[in-house]
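Biologist: I am new to this structure. Please show me how to read it.

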Amino acid sequence: QVQLVESGGGLVQAGGSLRLSCAASGRTVSSYYMGWFRQAPGKEREFVAGISYSGGSTYYGDSVKGRFTISRDNVKNTVYLQMSSLKPEDTAVYYCAPVNGRSPMGSSYWGQGTQVTVSS
């Protein structure tokens, strides 16, 4: 089973950008569609973005469409999330996981996540 470690979060002003990374070990991520999710305090975990095995197909949640870009490097066994035009409502802990459509393949894949805080 793949183990995932998210990084790249931080504090940024509204309108700014961040790039998150999701580094995999134990198994190559090229075996999976991959996705990013986020969870804000008091809210349920939300689908953010997904990407196909080779990266040729990407899809997004409505709240981030046009602002976030998911990509992957199967040689580096890493998935990325480039976030631009950040808004305070993007504040959350961000997680990556293998996906089936817009759903995670299982709770066992969740790592520690990386905190993103957007100040107004």
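Biologist: Is Tyr59 buried or exposed?

Modeller: First, the ground rules. This is a predicted model, where local features need pLDDT of at least 70, side-chain atom pairs count only at pLDDT 80 or more, and totals for chains, interfaces and linings use all residues. Residues are numbered from 1 along each chain as its sequence is written, and side-chain values use heavy atoms, with hydrogens and water left out. Buried means under 20% relative accessible area, exposed over 50%, and partly exposed in between (1.4 Å probe, protein chains only). Tyr59 has 16% relative accessibility, so it counts as buried.

Biologist: Which aromatic pair do Phe47 and Tyr59 form?

Modeller: Rings of Phe, Tyr and Trp (its six-membered ring) pair if their centres lie within 6.5 Å; planes under 30 degrees apart count as stacked, over 60 as edge-to-face and the rest as tilted. By this rule the count comes to six aromatic pairs. Phe37 and Phe47 are edge-to-face, with 5.7 Å centre to centre and 75° between the planes. Phe37 is buried at 3% relative accessible area, and Phe47 is buried at 11%. Phe47 and Tyr59 are stacked: 5.6 Å between centres, 15° between planes. Phe37, Phe47, Tyr59, Tyr95 and Trp110 form one aromatic cluster.

Biologist: Which charged end sits over the ring of Trp110?

Modeller: A charge sits over a ring if NZ of Lys or CZ of Arg is within 6 Å of the ring centre and within 35 degrees of the ring normal. Over Trp110 it is Arg45, 4.1 Å from the ring centre. Arg19 lies over the face of Tyr80, at 4.2 Å.

Biologist: How many residues of strand β9 are buried?

Modeller: Strands (E, at least two residues) and helices (H or I, at least four) are DSSP runs, numbered from the N terminus. Strand β9 covers residues 92-100; eight of its nine residues are buried, so the rest of the structure largely encloses it.

Biologist: Which strands does β9 run antiparallel to?

Modeller: Strands of a sheet pair through backbone hydrogen bonds, either parallel or antiparallel. Two strands pair if DSSP finds at least two bridges between them. Six bridges join β9 to antiparallel β4 (residues 34-39). Here Arg38 is the bridge partner of Tyr94. Three bridges join β9 to β11 (residues 114-119), also antiparallel. There Tyr94 partners Thr114. With β10 (residues 103-104), β9 has two antiparallel bridges, and Val99 stands opposite Pro104.

Biologist: In what order do four strands form an open sheet?

Modeller: The order is β1-β3-β8-β7, with antiparallel pairing. The edge strands are β1 (3-7) and β7 (68-73), each pairing on one side only.
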